[in-house]
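Good morning, everyone. Please have a look at the sequence and the structure before I go through what was computed for them.

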Amino acid sequence: MTEKDVQNAFTYHPPIAEQTKTYEEIRFSVLAVALYIRTHCPESRERSLALTKLKEAVMWANASIACNS
């Protein structure tokens, strides 16, 4: 990573313009999948991991928007 990359990765990026709407749309879309998994998959370690990975996906998608817009 360059110094610029490090600065970007560890700096707060407040939402600008339409980003807030995009964050909400991502969360809403992933929520539908999470609820489907919770309803249709048996309670298990695997289900918990699937839900955790969805949380991670939202986090990384949001970071993508914040750090690259």
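**The pocket and the helices around it**

Let me begin with the largest pocket, which is lined by Arg27, Phe28, Val30, Leu31, Ala34, Leu51, Leu54, Lys55 and Val58. A pocket here, on a 1 Å grid over the protein atoms alone, is an open set of points where a 1.4 Å probe fits, with protein on both sides within 12 Å along at least five of seven lines, and lining residues have an atom within 4 Å of a point. This is a predicted model, in which local features need pLDDT of at least 70, side-chain atom pairs count only at pLDDT 80 or more, and totals for chains, interfaces and linings use all residues. Residues are numbered from 1 along each chain as its sequence is written, and side-chain values use heavy atoms, with hydrogens and water left out.

Where does the largest share of the lining come from? Helix 2 gives that share, five residues, and helices are DSSP runs of H or I with at least four residues, strands being E runs of at least two, numbered from the N terminus.

Turning to the helices themselves, the axes of helix 2 (residues 19-40) and helix 3 (residues 45-68) come within 10 Å and cross at roughly 170 degrees; axes are lines fitted to C-alpha atoms over the stretch in contact, with angles from 0 to 180 degrees between N-to-C directions. The two helices, helix 2 and helix 3, are therefore roughly antiparallel, a label for angles over 145 degrees.

Finally, the chain has three helices and zero strands, in the order α-α-α, and its C-alpha atoms fill a box of roughly 45 × 25 × 10 Å along the principal axes.

Terms used
Parallel < 35°, antiparallel > 145°, perpendicular 65-115°, else oblique.
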